[in-house]
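Dear colleague,

Please find below the structure that I am handing over to you. My findings follow directly after it.

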Amino acid sequence: MQIGDLPQCLLREILGRLDAPELCTLASTCRKLNEVARKDLGESYWQNLCETQYGLTVDGVQQARRGTATWKELYQERFLESKRNRQRAKHRKLIAIQNERNDVQREVDILSNEARDLSKQERAELSLLSELNKSRRADVALKTWSPVSVSVWHKKVVEQSPINVEKRIQELEAKVEVTRLLLKGVLKRLHVKRRRLESFEGLAI
């Protein structure tokens with residue numbers, strides 16, 4: 001037995017319990033169901049939907065009706081209006097998500113450039129620090145192994161030099177430490193932003 005073989009009074013009871021979209025879907029599958037939906041449900045079905053889904057009362061409908069509009073026509077009007085509102089809300093949400101994604105992408109680009117600059121700065125500082133340490137070791141070796149005459153000459157040269165190697169090394173070591181702390185902070189923020197950017201991948205934008 002198929003659903004269309006049921007008595008018409010029972011079909012009317014079944015269809016009367018459905019929402020309008022479900023009713024339309026089911027009515028399109030069978031001529032008999034379509035006939036029951038169109039002729040047997042009546043205005044009371046559509047009035048009930050208007051009241052339960054859209055809060056329309058009889059008094060309110062008297063003002064809302066245009067001409068001789070039926071409850072079914074009023075329901076169709078409110079249904080389409082509600083559908084358009086949902087579509088507009090969805091569109092606004094998608095635009096907001098897209099704007100947020102673009103903002104996060106810009107932040108990722110800025111942080112990536114900042115991290116690259118700090119890494120380059122760290123390498124330059126470490127290279128200079130390495131050269132200064134070589135100079136200091138050479139100075140120690142010269143003082144230890146060179147003849148007295150050469151040491152005296154070297155002392156004069158060092159005294160005339162405007163650069164204090166030990167002080168410069170201390171300054172560079174402090175600067176490297178600061179650069180590393182800055183780079184660590186930037187990389188941490190960059191990781192958070194990239195994770196946020198990945199969260200947009202599964203969204204339909």
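Arg106 has a relative accessible area of 48% and is therefore partly exposed; buried means under 20% relative accessible area, exposed over 50%, and partly exposed in between (1.4 Å probe, protein chains only). Please note that this is a predicted model, in which local features need pLDDT of at least 70 and side-chain atom pairs count only at pLDDT 80 or more, while totals for chains, interfaces and linings use all residues. Residues are numbered from 1 along each chain as its sequence is written, and side-chain values use heavy atoms, with hydrogens and water left out.

The partner of Arg106 is Asp103: the two form a salt bridge whose closest N and O atoms are 2.1 Å apart. A salt bridge is a side-chain nitrogen of Lys or Arg within 4 Å of a carboxyl oxygen of Asp or Glu. Both Asp103 and Arg106 belong to helix α6, three residues apart, about one turn of the helix. Helices (H or I, at least four residues) and strands (E, at least two) are DSSP runs, numbered from the N terminus. Asp103 is partly exposed, because its relative accessibility is 37%.

The structure holds eight salt bridges in total. Another of them joins Glu122 and Arg180, with 2.7 Å between the closest N and O atoms. Glu122 lies in helix α6 and Arg180 in helix α8, so this pair ties together parts that are 58 residues apart in sequence. Glu122 is buried, because its relative accessible area is 15%, whereas Arg180, at 40%, is partly exposed.

A further salt bridge links Arg101 to Glu201, and here the closest N and O atoms are 3.7 Å apart. Arg101 lies in helix α6 (residues 71–145) and Glu201 in the segment after α8, so the pair connects parts that are 100 residues apart in sequence. Arg101 has a relative accessible area of 24% and is therefore partly exposed; Glu201, at 55% relative accessibility, counts as exposed.

Which segment holds Ser199? Ser199 is placed in the segment after α8 (165–198). With 37% relative accessibility, Ser199 counts as partly exposed. A polar atom of the Ser199 side chain lies 2.4 Å from the backbone oxygen of Arg196. This is a polar contact (a pair of N or O atoms within 3.5 Å; within protein, one must be able to donate a hydrogen and the other to accept it, and residues adjacent in sequence count only if both atoms are side-chain atoms). Ser199 and Arg101 are 98 residues apart along the chain, and their C-alpha atoms are separated by 9.4 Å.

Yours sincerely
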